[in-house]
Amino acid sequence: MNGEKVIAIAKKEIGVTEVPANSNKSKYGKWFGFDGVAWCGMFVSWCYDKAGFPLGNIGFSKGFAGCQTAYDHYKKSGEITTDPQPGDIVLFDWNGDKRYDHVGIFVSWKAKGKTFNTVEGNTSPTNASNGGCVMDMVRKIENNPIFIHPKVLG
């Protein structure tokens with residue numbers, strides 16, 4: 001399955017941090033051409049590209065940097081889903097204001113409809129949206145996720 005390729009790439013990155021700490025400088029931002037800014041979207045774009053499924057121009061030629069830009073694009077193109085598959089994109093709206101704050105890659109349901117596993121860039125246990133590390137996370141439906149099944153996965 002195509003999504004499994006994306007997950008395999010993402011999992012190999014677990015533990016990668018920005019250098020120096022708290023700088024938002026990452027290998028993903030450098031690859032993207034927009035280093036020194038929050039990089040969760042660039043991480044997702046990088047993983048898809050390295051798996052052989054480039055996301056295309058979603059604000060930038062290599063994919064997306066901003067979560068709201070990604071949401072607007074995928075909503076318009078009809079790629080939002082309520083049945084996420086491994087490798088799908090998941091956007092988070094931490095405070096429920098309909099503005100998306102963070103993004104990761106959906107891995108699997110932990111407890112169907114309640115909690116799920118992700119791999120995310122620029123996160124940490126103390127700062128979900130700008131934590132500086134690639135991590136394997138468990139998230140809750142209460143985190144207001146929106147799931148996206150990009151057409152590039154088929």
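Predicted model: local features only at pLDDT ≥ 70, side-chain atom pairs only at ≥ 80, totals over all residues.
1. Helices (H or I, at least four residues) and strands (E, at least two) are DSSP runs, numbered from the N terminus. By that assignment, valine 152 lies in the segment after β6 (145–148). Valine 152 counts as partly exposed because its relative accessibility is 33%, where buried means under 20% relative accessible area, exposed over 50%, and partly exposed in between (1.4 Å probe, protein chains only). Not counting residues up to four places away in sequence, valine 152 touches Tyr48, Phe53, Pro54 and Leu55, contact here meaning heavy atoms within 4.5 Å.

2. Residues are numbered from 1 along each chain as its sequence is written, and side-chain values use heavy atoms, with hydrogens and water left out.

3. On the overall fold, the protein chain has 4 helices and 6 strands, and along the sequence these follow the pattern α-α-α-α-β-β-β-β-β-β. The radius of gyration of the protein chain is 14 Å, close to the 15 Å that the globule rule gives for 154 residues, so the chain is as compact as a globular protein of that length; the radius is taken over C-alpha atoms, and the rule is 2.2 Å times the number of residues to the power 0.38. The C-alpha trace spans about 35 × 30 × 30 Å along its principal axes, and 49% of the 154 residues count as buried. Of the contacts in the protein chain with a separation of 6 or more, 54% come from residues 24 or more positions apart.

4. The strands form an open sheet of 6 in the order β1-β6-β2-β3-β4-β5, with antiparallel pairing, two strands being paired if DSSP finds at least two bridges between them. Because β1 (80–81) and β5 stand at the edges with a single partner strand each, one side of each is left without a neighbour in the sheet.

5. The hairpin of β3 and β4 has 3 residues between the strands, and in it glycine 113 takes a positive phi near 80 degrees.

6. Threonine 115, which lies in β4, counts as buried because its relative accessibility is 19%. Leaving aside neighbours within four places in sequence, threonine 115 is in contact with Trp109, Lys110, Val138, Arg139 and Lys140.

7. In helix α1 (residues 2–12), the residues Gly3, Val6, Ile7, Ile9 and Ala10 are buried. Seen down the axis of α1, they fall within an arc of 160 degrees, so they line one face of the helix, the arc being that of the directions from the helix axis to the C-beta atoms. What covers these buried residues includes α3 (40–50), β3, β4 and β5.

8. A search of the whole structure finds 15 aromatic pairs; rings of Phe, Tyr and Trp (its six-membered ring) pair if their centres lie within 6.5 Å, and planes under 30 degrees apart count as stacked, over 60 as edge-to-face and the rest as tilted. Tyrosine 28 and tryptophan 46 form an edge-to-face pair, at 5.1 Å centre to centre and with 80 degrees between the planes. This pair links distant parts of the chain, with tyrosine 28 in helix α2 (residues 27–32) and tryptophan 46 in helix α3, 18 residues apart, and both residues are buried.

9. One aromatic cluster is formed by Phe92, Trp94, Phe106, Trp109, Phe116 and Phe147. The charged end of arginine 139 sits over the ring of phenylalanine 92, 5.6 Å from its centre, a charge being counted so if NZ of Lys or CZ of Arg is within 6 Å of the ring centre and within 35 degrees of the ring normal.
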